[in-house]
Amino acid sequence: MTAMKDTTVKTSQPSDGRDQQREPSGSSEDATAPACLSGDPSCAPTERILEPEVRGHHRRRRKLLEFTHSSTRATMLMLAAAVAALVIENTPILPYFAEFWHSFNIGFSLGDFAPHLTLEHFINDFLMAIFFLLVGLEIKFEMTAGELKNPRKALLPIVAAAGGAVLPALVYLAVNAGSGAMQGWGVPMANDIAFCLGILALLGNRIPSGLRSFLSTLTIADDMIAILVIAVFYTADLSIVWLAGGLALFAVLILFNRLHIYDLPPYLLVGLLMWVCFLMSGVHATIAGVLLALVMPARSQVKLDRAPSWFEARARRADERYDPGEPDIVQKEYLNELKEIGRVSRLSIPPVTRLDHHLHVPVYFFILPLFAFSNASVVLVGMDPMAIIANPVTIGVFCGLLFGKPLGIFLATWITVKLKLSDLPRGVNWGHIVGVSVLGGVGFTMAIFVTNLAFVDAATIGVAKAAILAASLIAGIAGFLVLRKVTDEAEAEFEVEGA
């Protein structure tokens, strides 16, 4: 699904790790953490200027940031949440858990207007809208400064994503032709960027940076296709009035952008109102998150080429105003200079980057694990295993993810390169493409999300989830093994040539 990078979870643009998915610069475990989190000596003075009594707290905070900037840990947390859901669903504690889970209703009343959501719907409709906001920020970045900005470079992963979406849908439709579950064709189309990049992170810097970039851009293009499919094909009965209200608020957000409003609160407030309108309209409310991200300004308010000289001059002025003989709280002129430096520093960071930075930890260490916990449960007790295996939905989803998606990705990539429309990224060979194509079969979060939209019958949802979990597990392991074999062979060949 969306949005982890490189060897860690997606953070943000250069100032907070956005570029990490593309060019690894640190350890395999923490490549997306800021440089000072990776042991950069240039950051040492930052700790030296702190008072001795707070240095321990600062170090603990750095360790926490290191922990939460690892895609491997985030992936393991999501996997643990899914396993916990499976265990609870198939043990005697299920009735107690279900009573707790369904006893919560979240909402508000404003006269006759009183929308309420169950806890499960709150997670799937509101919290996942925040996740889609993060996905939208990633799309925005790719279109502004990433691979999607260069048409020739972008073509290869985009075509690969298209192939990886069409073929699994065709596989599902072929298996379920004439059945009452045809609407599930969108389930095996979806890919999970979080798990894919988390698995890729296990191989560390042995993976060419071009392959990380290819996989990241592919999964982003895959998310764009999934968002389009959800908006067009998995929308409930439309309310034109509410939809018009949502689109009007989207126009307001565009106006904010054109007026060069860079503060986050106005965007977030209007975005929340837009989410309510889409929720009431029948269009899936998560689309509001993507639309909000696409109108976020991606430029700094400061002329960055002039910033270093300005900061240097301001630092000199601050130094002139410091009186070492006075207590800190009376150093008003000095503190005002520091305040101005801090203000301009904040203005230097584009709103897209700031929002991405704020969302990273909540999304990958709270929202996605919570989604996995609430949606990955499958009741296996009392069910006939052969009935599950023989179910056309199971076969269609499983084969679509495990065979259709990898084959679609590989064939689309191969045809694009052979037609000389694009080239493989530097350092990437066809063995790498095979491994990444197999990883494409990891659907998990997004596939489960589409499952909840495609089916209403609990039994059908259950078998579809079982197929998703099985296919994702096999694809993840197989993709990792293929890529490890390819990297081992490449390293052995390099050592022989060096000898």
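Which helix of the protein has the lowest mean confidence, and which has the highest?

**View 1. Confidence along the predicted chain.** Helix α1 (residues 44-48) has the lowest confidence, at a mean of 63, while α16 has the highest, at 95. Here pLDDT is the predictor's confidence in each residue, from 0 to 100, and helices are DSSP runs of H or I with at least four residues, numbered from the N terminus. The protein's mean pLDDT is 81, with 84% of its residues at 70 or more. Residues 1-44 have pLDDT below 50, yet this stretch has 161 contacts in the model beyond near neighbours in sequence (contact: heavy atoms within 4.5 Å). Residues are numbered from 1 along each chain as its sequence is written, and side-chain values use heavy atoms, with hydrogens and water left out.

View 2. Look for K405 and D222, whose side chains meet at 2.7 Å, N to O (salt bridge: a side-chain nitrogen of Lys or Arg within 4 Å of a carboxyl oxygen of Asp or Glu). K405 sits in helix α16 and D222 in helix α8 (residues 209-233), so the pair ties together parts that are 183 residues apart in sequence. Both K405 and D222 are buried (buried means under 20% relative accessible area, exposed over 50%, partly exposed in between, with a 1.4 Å probe and protein chains only).

View 3. Within α12 (residues 307-321), E312 and R316 are four residues apart, which means a separation of about one helical turn. Their closest N and O atoms are 3.4 Å apart in a salt bridge. Next comes R317, which forms a salt bridge with E337 at 3.3 Å between the closest N and O atoms. This pair links helix α12 to helix α13 (residues 332-348), 20 residues apart. Salt bridges with shared partners join R314, R317, R321, E333 and E337 into one network.

**View 4. A nonpolar patch on the surface.** L407, L411, W414, I415, L419 and L421 form this patch, with about 560 Å² of accessible area together (Shrake-Rupley method, 1.4 Å probe; for residues, only the protein chains shown count as cover). Patch members have over 30% relative accessible area and no salt bridge; nonpolar side chains (Val, Leu, Ile, Met, Phe, Trp, Tyr) are joined within 5 Å, and like charges within 9 Å. L421 lies in the loop between α16 (392-418) and α17 (430-439).

How values were computed:
Predicted model: local features only at pLDDT ≥ 70, side-chain atom pairs only at ≥ 80, totals over all residues. Helix = DSSP H or I, 4+ residues; strand = E, 2+ residues; numbered from the N terminus.
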